[in-house]
Amino acid sequence: KKTMKDIDVKGKRVFVRVDFNVPMADGAITDETRIRAAIPTIEYLVEQGAKVILASHLGRPKGEVKEDMRLTAVGIRLAELMSKPVTKLDESIGQAVEEAVASMQDGDILLLENVRFHAGEEKNDPALAQQFAQLADIYVNDAFGAAHRAHASTEGIAKHIPAVSGFLMQTELDVLGKALSNPEHPFTAIIGGAKVKDKIGVIESLLEKVDHLIIGGGLSFTFIKAQGYDIGKSLLEEDKIELAKSFIEKAKAKGVQLHMPIDAVVANEFSQDAETKVVDVDAIPADWMGLDIGPKTAAHYAEVIKNSKLIIWNGPMGVFEMDKFENGTKTVADAMATTSGYTVIGGGDSAAAVEKFEVATKMDHISTGGGASLELMEGKELPGIVALNDK
Ligand code: 3PG
């Protein structure tokens, strides 16, 4: 794929789709990782003398203007981080936007309003895509986190003007692409999170590639059940037990070492104040629920991680937001921080976990895409990337 470096952007109007979908609480940004991650692309374009028009979604306003989903706070923070003015508009199309673009000087930065205030964005309405395209000479997609969405500003627009990838997009694809197509061995994948349902595709695809597959989190209880154990009140996907069995069989057939919990932290209720104890997986009491992997399991997982050359992690080992159930995830995070292997965090909750346990800087790559990195790991083509042409 062509990148910005392959084309002349000087004096050109460049529509840059970024993923500024940052978590917010009471109007304040609680994690600015995605803003920082877009800066190399923006800085490069500014230095080259382009007119930089930034567009993003924030949240899921469903085609309506939602005051708490405006990009105003993001614009303010971006200006601070870049030590440069950022003109934030209250619209993403229409006359006011066209006038603002027309008065831009080379090197100026404009931030459009949340593109999802228009229903046409998520519908990939060709008319909206055309309106975005009219604003610019060149399209740069740097929104890796939204690359799995075929929306007007991530896919439709690329049909109208020359379209290339930004630096963040390039880095994400390089790292994840290389890890998956040409992995170093031993290659370990850690899959956690709440539901088997969300991880079927990724487990299927990883079973073809990895040496070790580590299972944790809520979804591991369906695997424990599949081995014939009682799991009490733990999370169970009844209709995925057979699938879990087939994964266990497939791992065996492929020579993949599948690591499942041998003990668990169980609680008498889903609460920070719950009574808790550690039990082996063959002794989960009927009225209790497993909310974390146990210490024996965590120590074993840490050992596998330490002996791996490449480790990809997607999904926490337990309810790490609650202190009583954070140890499994923390042990895995610490092992990721100290292993000499190359460590990749597949976005979302695992990224939040390495932040919480203050080991983010020790990771080799933290993806800015949750859903996008998952789909990439599943081997799917992402529409936002497919759409980039080589015009
Ligand atoms: C994300 O946060 O994963 C991306 O920004 C995509 O957001 P979406 O799931 O609302 O499309």
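These are my notes on what I looked up in this predicted model.

**Ground rules.** I count residues from 1 along each chain as its sequence is written. Because the model is predicted, local features need pLDDT of at least 70 and side-chain atom pairs count only at pLDDT 80 or more, while totals for chains, interfaces and linings use all residues.

**Overall form.** I listed the secondary structure and found 14 helices and 17 strands. Here helices (H or I, at least four residues) and strands (E, at least two) are DSSP runs, numbered from the N terminus. The radius of gyration is 23 Å, close to the 21 Å of the globule rule for 391 residues, so the protein is as compact as a globular protein of that length. That radius is taken over C-alpha atoms, and the rule is 2.2 Å times the number of residues to the power 0.38. Along the principal axes I read a C-alpha trace of about 70 × 45 × 35 Å. I also noted that 49% of the 391 residues count as buried. Buried means that 20 or more other C-beta atoms, placed from the backbone, lie within 10 Å of the residue's own.

**Domains.** I took domain 1 as 4–170 and domain 2 as 183–377; such bounds come from an automatic or database domain assignment. Their centres, over C-alpha atoms, are separated by 35 Å. Ten residues from domain 1 and five residues from domain 2 make the contact, which requires C-beta atoms, placed from the backbone, within 7 Å. On the domain 1 side, helix α1 (residues 33–47) gives the largest share, three residues. That side divides into five nonpolar, three polar and two charged residues. In this count Ala, Val, Leu, Ile, Met, Phe, Trp, Tyr, Cys and Pro are nonpolar, Asp, Glu, Lys and Arg are charged, and the others, Gly among them, are polar.

**A sheet.** I traced an open sheet of six strands, with parallel pairing, in the order β5-β6-β4-β1-β7-β8. Two strands pair if DSSP finds at least two bridges between them. β5 (87–88) and β8 (163–165) are the edges; each has a single partner strand, so one side of each lacks a neighbour in the sheet. Strands β1 (residues 13–17) and β4 (residues 51–55) run parallel and are joined by five bridges. Across from F15 I found I53 in β4.

**Ligand.** Which residues surround the ligand? I found D19, N21, R60, G145, A146, R149, G370 and G371, where near means a C-beta atom, placed from the backbone, within 6 Å. This shell has one nonpolar, four polar and three charged residues.

Note on methods
Two residues are in contact if their C-beta atoms, placed from the backbone, lie within 7 Å. A residue is buried if 20 or more other C-beta atoms lie within 10 Å of its own, exposed if 12 or fewer, and partly exposed in between; C-beta atoms are placed from the backbone.
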